[in-house]
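Student: I have a structure open and would like to talk it through before I set anything up. Could you take my questions as they come?

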Amino acid sequence: MKVAATLRVNGVTYPVELEPGTSLLDAVRDDVGLTGSKEGCDDSECGACMMLLDGKPVNSCSYLALQAEGSEVTTVEGLANGQELSPLQSAFLEHGGVQCGFCTPGMLISATALLAESPSPTGDEVRIALSGNLCRCTGYDGIVTAVLAVAGAR
Ligand code: FES
Ligand code: FES
């Protein structure tokens, strides 16, 4: 039986009807219609589905949508400034942090959370912060360089 709920995503309130077991990832992709967050493993292993929940990164594939009621959810779509990429998004492109792009939404979310908490991280701190995000393409160096470039530009 579906339950009426509201989800607040990227500053917009969405009325939704959800099965109690619906994941936040499925609700955001299927009910809200924002498909930037990806499903890699559906098992809290890859980080492709990562979203910010009140500023903290969570694997949305393993988080119940109904538990997110009352919280502010931020997805990769919420990081850009309208049509303009965020500095972090631009840096990923500039420094080779994107190849197939499947991991990129989750990487950007984790990096955003890191820089909010620690504006001048070391390379090791970036790698630790992104350790829950798997990338099969880039070798990670471009991603770490991109995060450090944004931190250094502040
Ligand atoms: S899809 Fe959620 S961690 Fe992989
Ligand atoms: S760019 Fe392909 S998985 Fe990271």
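This is a predicted model: local features need pLDDT of at least 70, side-chain atom pairs count only at pLDDT 80 or more; totals for chains, interfaces and linings use all residues.

Student: OK, which residues of helix α2 are the buried ones?

Tutor: In α2, which spans residues 87-94, the buried residues are Leu88, Gln89, Ala91 and Phe92.

Student: And how wide an arc do they cover around the axis?

Tutor: The arc they cover around the axis is only 160°, so they lie on the same side of α2.

Student: What does the backbone do just after α2?

Tutor: Just after α2 comes glycine 96, which takes a positive phi of about 75°.

Student: Let me zoom out. How many helices and strands are there, and how do they run from the N terminus?

Tutor: The protein chain has five helices and five strands, and, read from the N terminus on, the elements run β-β-α-β-β-β-α-α-α-α.

Student: Why call it as compact as a globular protein of that length?

Tutor: The radius of gyration of the protein chain is 15 Å, which is close to the 15 Å that the globule rule gives for 154 residues, and therefore the chain is as compact as a globular protein of that length. Taken along the principal axes, the box that the C-alpha atoms fill is roughly 50 × 30 × 25 Å.

Student: Switching topic: what does the domain assignment give?

Tutor: For the protein chain, the assignment gives domain 1 (3-78) and domain 2 (87-152). The centres of domain 1 and domain 2, taken over C-alpha atoms, are separated by 21 Å, and the contact takes 15 residues from domain 1 and 13 residues from domain 2.

Student: Which strands supply the side of domain 1 that touches domain 2?

Tutor: At least two residues of that side are supplied by each of β3 (50-53) and β4 (56-59), and the largest share, three residues, comes from β3.

Student: How do the residues of that side divide into nonpolar, polar and charged?

Tutor: On the side of domain 1 that touches domain 2, eight residues are nonpolar, five are polar and two are charged.

Key: Residues are numbered from 1 along each chain as its sequence is written. Chains are lettered from A and ligands numbered from 1 in the order in which they are written. Domain bounds come from an automatic or database domain assignment. Two residues are in contact if their C-beta atoms, placed from the backbone, lie within 7 Å. Helices (H or I, at least four residues) and strands (E, at least two) are DSSP runs, numbered from the N terminus. Ala, Val, Leu, Ile, Met, Phe, Trp, Tyr, Cys and Pro count as nonpolar, Asp, Glu, Lys and Arg as charged, and the others, Gly among them, as polar. The radius of gyration is taken over C-alpha atoms; the globule rule is 2.2 Å times the number of residues to the power 0.38. A residue is buried if 20 or more other C-beta atoms lie within 10 Å of its own, exposed if 12 or fewer, and partly exposed in between; C-beta atoms are placed from the backbone. The arc is that of the directions from the helix axis to the C-beta atoms.
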